[in-house]
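Subject: Structure handover

Hi,

Here is the structure for your files. My notes follow below it.

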Amino acid sequence: MNAMTEMSKYRHEKVLFVNNEKAGLKAIIAVHNTNLGPAIGGCRLFPYASYDDALFDVLRLSRGMSHKNAVAGLPHGGGKGVIIADPSQKTEAMFEAFAEAVNNLGGDYITAEDVNTTCDDALVMLRKTKHICGLPQNSGDPSPFTARGVWQGIKATAKVALGTDSLDGLTIAVQGLGKVGYDLCRLLHNSGAKLIVANRSNKDIAARAAEEFGATVVATDEIMSQKCDIFSPNAMGAIINPTTIPTLNCKAVAGGANNQILDEASGLALKARGIYYAPDFVINGGGVINAAAEVDGPYNKDAVLAKVDNIYNTIERILSESKTTGEPEGVIATRFAESIIYG
């Protein structure tokens, strides 16, 4: 993969490759756009098979953060960091070195926790950089806010796609029971939804969801084909693709995972099947709304929750426009975001 070609395709401003052998750090930081302000986006730790895989992910994720922040009305651009490692390999030295790399971007990128990184890891990075948010003494773990926004988006999706103002009795298949997915299951259960769940790495948490929420547990390779009203992906991206779209047995897709749709052709194929889609960078904006409130301060939780709950209205507008025009939801959302970013 040619890095410069990929950067140009997505209109990225900067991509920093980091190789700190002493700290055991291999990482990439991508700053997509700073037109609206310093870029915000978390630091993800994942055992990518190659630098190409990591680059593909960080470029898509950082672009998604630009769109997410714009649609949420935040004065920030989008960025993302990825550390190439297994979660079992992470060390304080690794995060300190990552924080020093963040400093090399001169304030254009503000980092935070993300997949496989925590508030404790953020505190380690704070030793070396001030360009960080999501700290436990301030806005804290963004996951509950992300889950709340996804829950609001699912309710809006049900209204447009299914014609109901209630989740009571609806069947929702939840893929991924990490911090966001599990919190989401709690909210859905409390709203009366019937749950089907799958989780790849931790079978115990799936059993816990069965006990706590009465969820039906299925294998990870079976979750997407389950008959349900709404399929909710809350794990990794690019899962809506030519291979999986024919297997979907739902009326809508609405979940917290980033970059759920592989490419534009997949978005068109999903629309052709008559399946509604809640654009991921809109529905999962709750976490960054919370983190940005810390940066832009003073932090006000009530104001954060009001912004997160507004995700319902944004998803409803996008899906309603798609229903009227036939245009894919992702295209509508992207056009809206880029009108804000580029004017």
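Is Tyr-48 buried or exposed? Tyr-48 is buried, at 11% relative accessible area. Buried means under 20%, exposed over 50%, and partly exposed in between, with a 1.4 Å probe and protein chains only.

Ground rules. This is a predicted model, where local features need pLDDT of at least 70, side-chain atom pairs count only at pLDDT 80 or more, and totals for chains, interfaces and linings use all residues. Residues are numbered from 1 along each chain as its sequence is written, and side-chain values use heavy atoms, with hydrogens and water left out.

Rings and charges

Tyr-48 pairs with Phe-46 edge-to-face, at 5.1 Å centre to centre and 65° between the planes. Phe-46 is partly exposed, at 26%. The count of aromatic pairs is three. The rule takes Phe, Tyr and Trp rings (the six-membered one for Trp) with centres within 6.5 Å; planes under 30 degrees apart are stacked, over 60 edge-to-face, the rest tilted.

Two charges sit over rings. The charged end of Lys-155 is 3.8 Å from the ring centre of Trp-151. Arg-208 lies over the face of Tyr-182, at 4.2 Å from the ring centre. The test wants NZ of Lys or CZ of Arg within 6 Å of the ring centre and within 35 degrees of the ring normal.

Strands

β1 (residues 14–20) and β2 (residues 25–33) run antiparallel and are joined by seven bridges. Lys-14 has Val-31 in β2 as its bridge partner. Four residues lie between the two strands of this hairpin, and Gly-24 takes a positive phi near 70° there.

Further along is an open sheet of six strands with parallel pairing, in the order β9-β8-β7-β10-β11-β12. Its edges are β9 (216–217) and β12 (276–277), each pairing on one side only. Inside that order, β10 (residues 230–233) and β11 (residues 252–253) pair over two bridges. Phe-231 is bridged to Val-253 in β11.

Strands pair if DSSP finds at least two bridges between them. Strands (E, at least two residues) and helices (H or I, at least four) are DSSP runs, numbered from the N terminus.

Cores

The largest nonpolar core has 58 residues; Ile-154, Leu-177, Leu-188 and Leu-195 touch the most other members. Helix α5 (residues 143–162) gives the largest share, eight residues. Another core lies apart from it, with 25 residues, including Ile-29 and Phe-98. A core is a set of buried Ala, Val, Leu, Ile, Met, Phe, Trp, Tyr and Cys residues joined through side-chain atoms within 4.5 Å.

What does Ile-154 touch, beyond residues up to four places away in sequence? Its contacts include Leu-167, Leu-188, Ile-230 and Ala-254. Contact means heavy atoms within 4.5 Å.

Thr-129

Thr-129 is in the loop between α4 (119–126) and α5. Thr-129 is buried, at 4%. Thr-129 touches Ala-99, Val-102 and Asn-103, leaving out residues up to four places away in sequence. Val-115 is 14 residues from Thr-129 along the chain, and their C-alpha atoms are 20 Å apart.

Cysteines

There are zero disulfides. A disulfide needs two cysteine sulfur atoms within 2.5 Å. For Cys-119, the nearest cysteine sulfur is that of Cys-133, 10 Å away. Cys-119 counts as buried, at 16%.

Best wishes
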